[in-house]
Amino acid sequence: MKTPFLGLLLLLITQSISAQDEMITLKGDELFGSLSARHIGPALMSGRVSDLEMHPSNNRILYAGTAGGGVWKTTNGGATFSSIFDDYCQSIGAITLDPQNPDQVVWVGTGETWTRNSTSVGDGLYRSTDGGTSWKKIGFEESDRISSIQINPTNSDEVYVGVLGALWGDHEERGVYKTTDGGITWEKILYVDEKTGCADLILHPTDPNILYASFWEYRRTAWSFNSGGLNSALYKSTDAGKSWNKIHNGFPTGKLGRIGIALAPSSPDVLYSVLETENKNDSGLYKSTDGGKSWELKNGDFGLVVRPFYFSRITVNPKDPDVVVKAGLSGSISRDGGNTFKALGQMHSDIHDITFDINDSDRMYAGTDGGIYRSWNGGATMEIVENIPVSQFYHISVDDAEPYNVYGGLQDNGSWYGPNSAPGGVKARHWNSIGGGDGFRVLRHPTKNIIYSEMQGAMNVWRYDVDKKIVNTIQPYSDEGQAKLRFNWNPPIATSESQPDRLYIGSQFLHVSEDMGSNWKIISGDLTTNDPAKQNQEDSGGLSKDNSGAENHCTIFTIAESTLDQKVIWVGTDDGNVQVTQDGGKNWTNTIGNITGLPKNTWCYHIEASVHNKGTAYAVFDGHTTNDKKPYAYKTTDFGKTWTSIISDEVVGFARNIQEDYVNEDLLFLGTEFGLYATVNGGKNWSKFTNNMPSAAVHYIELQKQTNDLVMGTHGRGVIIIDDISPLRNLSQEVLAKKVHIFPTPTTEMYEDAGFSGFFGSETQFVGENPTREAKFVYYLQKRHTFGKMKMDIYDSNDQFVTSLKAGKSKGINVVYWNFLKKPPKIAKGKTLSFAGFTAPRVPAGDYKVVMTKGKETYETSIKLKYAENGIPIASRKAQEELTAKIYTLTEDLAYDVYEVDRWIEIAEKTAKDHPAQQKMCNGLADKLNGLRETLVVTTGDNYVGTAENQLRENLADLYGKIAGNYDKPSVSDLATFNSLRKLYDEKKGSLEALRGKEVKKLMSFLEKAEVNANVKSKEEFLKK
Amino acid sequence: MKIIQLFLFAMLLGVAGPISAQTADEIIDTYFENTGGKANWAKLEGVQMAGKMSMQGMDIGLTIVSLKDTRQYTQINFQGQEMKQGVYDGEIMWGLNFMTGKAEQMEAEMVNNFKMNEAKDFPSALFDYKDKGYSAEYLGKETMEGTECFKVKLTKNPVMVDGKQSDVATIYYFDTENYVPIAEEMIGSAMMQGPPGASPAKMISTLSDYQEVEGLYFPFSIITPQGEMVMENITLNPTVEDDAFKMPEVAVEEDK
């Protein structure tokens, strides 16, 4: 018995010794503690919405799936939406509610099915059983995109899933799947091949044995798209998926493309299908009135055949089989059973889904490339929902203004810039349009008030003079005899820190301008592989030609000039080259051959030139366009001669961007398709950042230099910012080994600028969150504080208590804020509240001590506060502080006086009752005291319009509120008012002291004799905070 | 040697917690055992908590009384004024209007919801939860406040929100080391609508500064999205006059 325990003891001891030698690595929440992200949108242009799902019995509830912004839910009929899928893949294919439990059970299939070049990827099927509060993954990890989920209305365990499958490569996880046990096991019940997936699946509303499934043969590469093939088909099953038959009677023969299918719920034999065919004249809307036995072509208008891969949804009015709506460039509606169509009311173009209200068909919702629109008149007038910030940034940049601005370009929504903070929050009206089309890079000139922006394929590059409001179009053209320029859909432009007027743009060549884009010269040969097989975009699209420029390939995709040496320039190409010059473009070296472990021709998405060493750079590669979803990031310290992978197994999702810290070379941030990762040890370990940070695709990251804010452009959740990441710089092993470590607090300026924000519209408009500008204390706790007292108090340089703070108790990093205020004064008790009395005065600039008490231990740190530099003289500030302090003291003096008066009245009244002989003396005193009290505080009225005339307390508090809220010197009239109130106070105090000296004294000595404890608090006790 | 053995045992097993797979009931039972014993919690007749709510540096005095017989009130104090809110006398619920200082009844739907759930939650919603019609489910481990926690969902009785039925539940995060809840999250379709365009603000309160009061452990600090509630004094089985819950019939006008 003895030995095993001794052995265990030894084991434990050795373990604890070896544990001390090991590196302490914090992960996830432990590492980030209370550092949290904030979202500034914008929402005014919103972003692509891929699927809408109406609750079957409660028309207040509607779900929306987005292309890159997750799932949104409204419970107020579409007035406002909230994001409910933050922690998971944000690209949504289909949302379906369980007809039997629509309040609880929500199924979400990830992976958008509108397969444009920039579409994201899915990672499976999810289910919530609590109306979207929490989610569980059900499976289909490799499905890439799920187009449909259908649930038997009489049996919630019987579910069909249509998997469209991988867009960028062959895969067998496609087709129609069925479960009969609520998702535990799945059977693939219809499969065609590894290229053809289920694009649409519908279940008959009353006969759950009948299903329709459309199959689509399709494929994208980085340089081409193909829609259509002999395997595309429409199938029907009448035995719950056991057997399937093609239902093409009336369809043309030959290759088919994407097929949309819909059924009229009020007349289920009526089907509509939209076909993409070999012959243009055969494409269009087909109708069947016999459950698919035969089909008739009804309409081939542009609105019905436009870009089938992007628009194929058909929605039939649930109450009327003749009212049918087809998604499209503008959306089309027919009220005569599909014979004729007109466009839906004006809204953002590119409509992907439409749904009707269950009760009132005049109420409709549409999901577009620019958010959700509602209609109250059957689709004639469309109104945008102003609170869905799912904007899809390709790139962002920042400037050094205060507050700094964020610039960026969006999918189908142009280019914009706006402040990262604004009075009352960042609203729609704070954003400025700075370019049309699809927006990509938007860059601020390093020194001038000039902004560069561009649209797809560099069709236009603009230089906008903000002050003069002049736009110049500046993209280069190829010189005579030179090769045609190839620009990516998402073309790179870059500025230079050393030459402010310099601008770069990349085609297959690197172009440079020294005059802000007016004149260009080429400083490289073709830096790409120039593979002719990847340059046939004219033939791209498949059955429907689609040469939008989105597939342009063999182009430069990223450009980085070193901030340490302007002659060092890095270029990455979409076909997998990493080129560097060290002589400003005379000689170029392709370093891609020096990278191991990276598949050939993997898209170089971003190169970051280090600020620490001119030979150091980071390169990020994205292989998803070859169906390779692994993250790749490499570092070189020798101009690319050698590259080292800095990715660990912890990183999920392919990566597009990396950001290096300006101070600590080992602190890096990586943007992947599923969120943000950070490392504090140069890439040995990565942690996902999840504090208010959704799993959105992070396309671009900037670190704003003055604030150390990490600013992210996400492709689906707008701009997300983590304020001040500097605490992550200092997480050394010594720090982590301590029980408590308080990081030094930098000198903090007490901001004073404010303004009037006007909250109008904020009931239903998105408002971006502002950063806090308060003083910030950061500390690390090795263990969460759960038992015993813990608090943080502030003291001034005279060790006088100032205020207490809300101490953070998490394991890991805690951030605690102080708004520079001390406690508000104690206010005399009146009948009503003195609102001005709630004002807390600001502390003067100077040194303050922060004391953290945790159980029996105390820890201290200090902070120096300085005044805002806005021209207010110190003498004026001191005059303001002095008067504030005087009124503060006087306010508290009065509070205590009133307290004494109130107590004395109570005592006198009680004594009169208990000792009838003293009645006269007591009543006389009480009367006098009440008389005095009425002149000190209001004793009647209410807190609204029934207010009584101000008395001393109210006048004093009003003056106090005015002075304490200012920063500048009090006016002559302020001082005069104070003096007259002070005089009045002294008078009242005189009366009070007179009473104390005579009647009160008499009463007290009576009580003393009667051995009754009067129990009046001392002033110190009364004022204790 | 015996002491060492016990010590080792404790180290190996953690605090009084079953080491095997968890069920919600095991976690909840261990919580009550570790914080004073279920029998002692059962004996409790009432609790009075006095403290303050700190919001942006401003302190509001607070006294919360809750009794086993479902009655409760919250009294807030500022500028020497005492104002009652959320007073439930076993039948109706009322509070003082800040503008007029007059007592007003709470809206019926809210009161009915309160009767469905919160009225039964003394001394804790978790206590004998099945008797209240609630159900508990263990959802696995999750990190909260940097700390590994057992996540237990307590589904309460459905409530009505603006005329429509809605689910409500509380998720408790029990520290796996000591089985004490360090956070509570309110969820439910009623709470799903966040501010426009944001994720619904998570209604998470964190609990800390647990201290013993006559053998039972209470959190003395509760941090909510609105601010921190710090208890200064917790009194068990307080004496409370019946009048304290009674709604004033007429506003006491022009009193001194």
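**Group meeting: a predicted two-chain complex**

Let me start at the end of a helix: H8(A) is followed by Glu1011(A), which has a positive phi, near 55°. Helices here are DSSP runs of H or I with at least four residues, strands are E runs of at least two, and both are numbered from the N terminus.

A word on the source. This is a predicted model, where local features need pLDDT of at least 70, side-chain atom pairs count only at pLDDT 80 or more, and totals for chains, interfaces and linings use all residues. Residues are numbered from 1 along each chain as its sequence is written, while chains are lettered from A and ligands numbered from 1 in the order in which they are written.

Back to H8(A). The helix covers residues 972-1009 of chain A, 38 residues in total. From first C-alpha to last it reaches 52 Å, close to the expected 56 Å; that expectation is 1.5 Å times one less than the number of residues. There is a bend of about 45° at Arg996(A), taken as the angle between axes fitted to the seven residues ending there and the seven starting there.

Which residues of H8(A) are buried? Leu992(A), Val1000(A) and Leu1003(A). Buried means 20 or more other C-beta atoms within 10 Å of a residue's own, exposed means 12 or fewer, and partly exposed lies in between, with C-beta atoms placed from the backbone. The buried residues of H8(A) pack against helix H5 (874-914) and helix H6 (919-936) of chain A.

Now chain A as a whole. It has nine helices and 66 strands. Its C-alpha trace spans about 115 × 90 × 70 Å along the principal axes. Of its 1025 residues, 51% are buried.

One loop residue in chain A. Ile592(A) sits between strand E47 (589-590) and strand E48 (603-609). Why is Ile592(A) counted as buried? Because 23 other C-beta atoms lie within 10 Å. Beyond four places in sequence, its contacts are Gly576(A), Asn577(A) and Val578(A). A contact means that two C-beta atoms, placed from the backbone, lie within 7 Å. Lys641(A) is 49 residues from Ile592(A) in sequence, and 9.3 Å away in space, C-alpha to C-alpha.

On to chain B. It has four helices and 15 strands. Of its 256 residues, 34% count as buried. One of its residues, Val152(B), lies in strand E8 (residues 147-155). Val152(B) counts as buried because it has 24 C-beta neighbours inside 10 Å. Its contacts beyond four places in sequence include Ala24(B), Ile27(B), Tyr172(B) and Phe174(B). Val240(B) is 88 residues away along the chain, with 34 Å between the two C-alpha atoms.

Next, the interface. The contact takes 46 residues from chain B and 65 residues from chain A. On the chain B side, the elements giving two or more residues include helix H1 (2-13), strand E2 (58-67) and strand E13 (203-213). That side divides into 18 nonpolar, 19 polar and nine charged residues.

Last, confidence. The complex gets an ipTM of 0.88 and a pTM of 0.92 from the predictor. Chain B has a mean pLDDT of 86, with 85% of its residues at 70 or more; pLDDT is the predictor's confidence in each residue, from 0 to 100. Over residues 1-20 of chain B the pLDDT is below 50, and this stretch has 19 contacts beyond near neighbours in sequence. Residues 251-256 of chain B also stay under 50, with six contacts beyond four places in sequence.

Key: Nonpolar A, V, L, I, M, F, W, Y, C, P; charged D, E, K, R; others polar.
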